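Please look over the model below before reading my comments. They are written as numbered points.

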Number of protein chains: 2
Amino acid sequence: MSRGRPFRALVSLEEALERVLSRVGPVDRTETVPIDEALDRVLAQDIKATMDVPGFERSAMDGYAVRAEDTYGATDMEPLMLRPVGTVHAGEVPSGTVGEGECMYVATGAMRPEGADSVVMVEYTEEVDGGTMTMIRRAVHPGENVSRRDADIKEGTVPLRAGARLGASRIGTAAALGVSELEVYARPVVAIAGTGNEVRPLGEELGPGQVYDINTHTISAAVRGLGGTALVLGLVRDSHEALSEALDKALAMADIAVFTGGSSVGERDLLVDVFGERGEVLFHGVQVKPGKPVLAVDCGGKLAFGLPGYPTSCLSSGMLFLEPVLAKMGRRPQATPVAVEARLGRRVVSTIGRTQFLTVRLEDGTAHPAFKESGAITSMAEADGYVIIPSNVDLMDRDEQVEVHML
Amino acid sequence: MSRGRPFRALVSLEEALERVLSRVGPVDRTETVPIDEALDRVLAQDIKATMDVPGFERSAMDGYAVRAEDTYGATDMEPLMLRPVGTVHAGEVPSGTVGEGECMYVATGAMRPEGADSVVMVEYTEEVDGGTMTMIRRAVHPGENVSRRDADIKEGTVPLRAGARLGASRIGTAAALGVSELEVYARPVVAIAGTGNEVRPLGEELGPGQVYDINTHTISAAVRGLGGTALVLGLVRDSHEALSEALDKALAMADIAVFTGGSSVGERDLLVDVFGERGEVLFHGVQVKPGKPVLAVDCGGKLAFGLPGYPTSCLSSGMLFLEPVLAKMGRRPQATPVAVEARLGRRVVSTIGRTQFLTVRLEDGTAHPAFKESGAITSMAEADGYVIIPSNVDLMDRDEQVEVHML
């Protein structure tokens with residue numbers, strides 16, 4: 001009967017993160033998406049402006065297009081008169097030109113008519129003599145209230161560059177140029193398999209000693225929340241053959257393989273064997289709580305993770321590694337959790353040499369430990385955030401000031 | 001020729017927000033989604049536990065299940081001997097019971113065998129006499145290393161309540177109970193129509209005086225980013241009939257109607273007329289820059305917004321109102337933008353009586369104004385964040401300390 005092999009030397013969290021991050025790079029695959037599905041994606045092409053935006057000089061105001069020199073000296077007290085020669089609405093081509101002593105009504109956004117070089121705001125004008133003349137009460141200088149033809153984007157420039165994250169305003173920049181499809185980087189793909197012979201799929205009736213599959217669902221949600229594509233392979237029997245086959249499938253389909261569970265040492269050993277046959281073990285065992293048994297292997301440039309089977313250990317350690325890895329692969333900044341100050345609700349002991357992530361509920365500025373046990377998903381689901389207890393601290397006192405990182 | 005009616009009295013931003021927020025409530029419609037599509041949704045049902053999780057007492061460790069009293073006094077120096085009577089892997093039903101002087105190997109997560117009340121960790125045991133006896137080097141107390149049958153969730157409790165936002169760990173709580181579909185609140189639906197006869201759909205060839213549709217794309221991205229469902233109705237001609245028809249359609253399909261554009265006073269008037277016929281005008285004109293011409297109407301309990309046509313004004317004011325409105329309708333907390341301190345890169349003038357949202361680029365701790373003009377979407381797309389200049393400030397000096405809210 002196997003009593004399990006000991007962990008190799010546990011590595012520190014920092015070292016573990018460095019080892020996995022040194023093995024992955026940004027995903028280079030691209031895909032083309034309609035502009036209305038591009039939100040939050042990362043642009044994979046430079047967008048060069050093939051036109052000026054706008055493509056014409058336009059009025060920035062509702063008012064009268066004029067020759068500026070015709071307005072010089074106009075004031076409320078001494079208005080001048082100009083002869084109106086038409087109207088330009090936005091989207092229209094002006095029907096004529098503006099000559100000396102003439103003006104033309106222009107709507108905001110309408111093309112500047114030839115001859116005119118400026119616009120007097122409608123507020124400073126008045127129709128007189130039954131609309132046959134227009135009274136002008138303000139002088140304007142050449143160019144006043146007229147917007148340049150490239151005021152937004154100049155032809156030949158590159159207003160969007162590869163690597164840009166597409167928020168609403170950048171989507172607007174692409175739209176301004178008439179671009180309706182965008183080439184974006186593919187999301188990193190993570191294949192997820194669950195192990196543990198006691199674990200059954202949702203919807204099945206449980207037998208004695210069995211539990212429902214939690215981990216493939218939490219890890220798949222985490223992956224999607226981190227901007228990745230989750231491919232759930234389902235549950236795999238704890239046999240060398242089944243695990244090998246599942247790993248091959250995962251590596252063929254995805255950029256990263258994540259296998260959850262196997263809480264027991266025997267199951268972990270099996271996973272270590274199978275993973276070890278496919279690549280280089282980067283670490284097995286991290287100085288972190290919960291989540292010590294994390295296994296990471298570099299399978300020819302693709303990472304495979306073995307996460308602990310206990311649901312809170314699984315999700316907590318999964319987030320710890322997947323967040324920076326998917327940020328790097330997906331070319332996104334890593335999220336910085338919002339942190340709030342609180343007092344610790346009770347004394348907490350920790351283990352020297354392990355960084356502990358202690359889940360807490362917040363109540364009136366007090367952080368109450370929410371951790372039940374690694375096997376209890378509610379240790380996280382009922383928490384508002386977590387306190388990081390550094391690896392060189394073994395005790396935190398009640399009422400001690402702590403920083404709570406919000407979940 | 002219309003010179004446009006004046007705005008009614010401009011309202012302050014605070015007053016405008018209060019007026020729209022007082023007219024909307026959380027969306028009550030629900031829908032059922034598979035658990036793997038529930039991330040970030042808001043639960044619409046209480047989930048009551050119909051079972052204990054786990055449903056059995058289990059070993060928290062790999063080790064030997066024993067009767068605690070049989071181990072009393074066991075130490076490294078004076079180990080005791082117990083007779084092994086079998087093995088329980090996780091997911092298995094123990095094949096027998098543990099009697100006096102006996103022990104049974106149990107894997108982590110495996111059912112506690114009858115008769116045993118505790119588990120000695122495998123590290124403190126040793127197989128001897130060819131596996132016929134097990135040496136025990138530590139005493140355990142009753143219950144030690146055995147996890148309660150309801151350690152995670154107790155039958156009859158309600159571990160997830162309606163209104164809970166579904167993150168990965170709460171999805172795990174549902175999975176733990178075998179729940180594979182969740183009833184969640186529907187996302188607020190926003191119908192978006194673009195107006196402005198100069199505005200053309202992406203992909204068409206532009207004629208003189210025409211520009212591409214930016215606003216329906218930026219607003220639809222903003223709505224999706226805020227957790228809403230965007231229905232883009234496309235571009236509508238600036239006629240009373242076409243606008244009326246589009247508004248009826250929008251109100252029939254959606255919880256909120258958003259019409260963009262009409263930059264010119266004449267077009268705005270038309271929209272005010274059409275909207276005014278369908279409901280109560282809450283305000284037309286807000287003391288904010290950019291975005292002054294925002295129009296909000298309560299159409300029998302559904303909000304209709306008229307946003308300015310200039311792209312930066314449109315998106316900026318759209319976010320300003322849609323963010324709190326969709327947060328309330330979608331039962332989500334409003335996002336608090338991350339703010340950083342910076343020095344202003346140059347002197348900026350503002351208008352007393354208008355709250356200004358000044359977009360800026362950040363470089364080495366200096367905030368350089370990025371605003372070009374309201375018509376330029378790049379005023380936002382090239383910005384890192386914005387500085388809020390309060391309505392009672394008309395000048396901010398170069399090098400003044402400012403808070404930049406990151407976009």
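The points below go from the single chain, through its sheet and loops, to the pair of chains.

1. Basis. This is a predicted model, in which local features need pLDDT of at least 70, side-chain atom pairs count only at pLDDT 80 or more, and totals for chains, interfaces and linings use all residues. Residues are numbered from 1 along each chain as its sequence is written, and chains are lettered from A and ligands numbered from 1 in the order in which they are written.

2. Overall form of chain A. Chain A has seven helices and 26 strands; helices (H or I, at least four residues) and strands (E, at least two) are DSSP runs, numbered from the N terminus. Its radius of gyration is 33 Å, whereas a compact globule of 407 residues would have a value near 22 Å. That radius is taken over C-alpha atoms, and the globule rule is 2.2 Å times the number of residues to the power 0.38. Along the principal axes, the C-alpha atoms of chain A fill a box of roughly 105 × 50 × 40 Å.

3. Domains of chain A. The assignment gives domain 1 (13-29 + 186-329), domain 2 (31-53 + 157-185), domain 3 (58-147) and domain 4 (339-406); such bounds come from an automatic or database domain assignment. The centres of domain 1 and domain 4 of chain A, taken over C-alpha atoms, are separated by 25 Å. Their contact takes 12 residues from domain 1 and 13 residues from domain 4 of chain A, where two residues are in contact if their C-beta atoms, placed from the backbone, lie within 7 Å.

4. The domain 1 side of that contact. In chain A, strand S17 (288-289) and helix H6 (311-329) each supply at least two residues of the side of domain 1 that touches domain 4. H6(A) gives the largest share, five residues. By class, this side of domain 1 of chain A has seven nonpolar, four polar and one charged residues. Ala, Val, Leu, Ile, Met, Phe, Trp, Tyr, Cys and Pro count as nonpolar, Asp, Glu, Lys and Arg as charged, and the others, Gly among them, as polar.

5. The six-stranded sheet. In chain B, six strands in the order S6-S3-S5-S4-S8-S7 make an open sheet with mixed pairing; two strands pair if DSSP finds at least two bridges between them. Strand S6 (118-121) and strand S7 (125-128) of chain B are at the edges with a single partner strand each, so one side of each is left without a neighbour in the sheet. Neighbouring strands are turned by 40 degrees against each other on average, direction ignored. The axes behind this angle are lines fitted to C-alpha atoms, for helices over the stretch in contact, and angles run from 0 to 180 degrees between N-to-C directions.

6. Pairing in detail. Strands of a sheet pair through backbone hydrogen bonds, either parallel or antiparallel. In chain B, strand S4 (residues 80-88) and strand S5 (residues 102-106) pair in the parallel sense over four bridges, and B:Arg83 stands opposite B:Glu102 in S5(B). In chain A, S7(A) and strand S8 (residues 133-136) pair in the antiparallel sense over four bridges. The bridge partner of A:Glu126 in S8(A) is A:Met135.

7. Backbone geometry to check. The peptide bond from B:Val53 to B:Pro54 is cis, with omega near -10 degrees. B:Pro54 lies in the loop between strand S1 (30-34) and strand S2 (58-59) of chain B. The loop between S1 and S2 of chain B also holds B:Asp40, a residue other than glycine with a positive phi, near 75 degrees. In chain A, the bond from A:Val53 to A:Pro54 is cis, with omega near -10 degrees.

8. The chain pair. Which rotation superposes chain B on chain A? A rotation of 180 degrees does, with 0.0 Å of shift along its axis and RMSD 0.0 Å; this is the relation of a two-fold axis. The superposition is by least squares on the C-alpha atoms of residues with pLDDT of at least 70 in both copies. In chain B, the C-alpha nearest the axis belongs to B:Val338, 4.5 Å from it.

9. The interface. 77 residues of chain B are in contact with 77 residues of chain A. Among the elements of chain B that each supply at least two residues are helix H3 (215-225) and helix H5 (265-278). H2(B) gives the largest share, eight residues. The chain B side divides into 37 nonpolar, 29 polar and 11 charged residues. Because 100% of the interface residues of chain B are also interface residues in chain A, the copies meet through the same surface.
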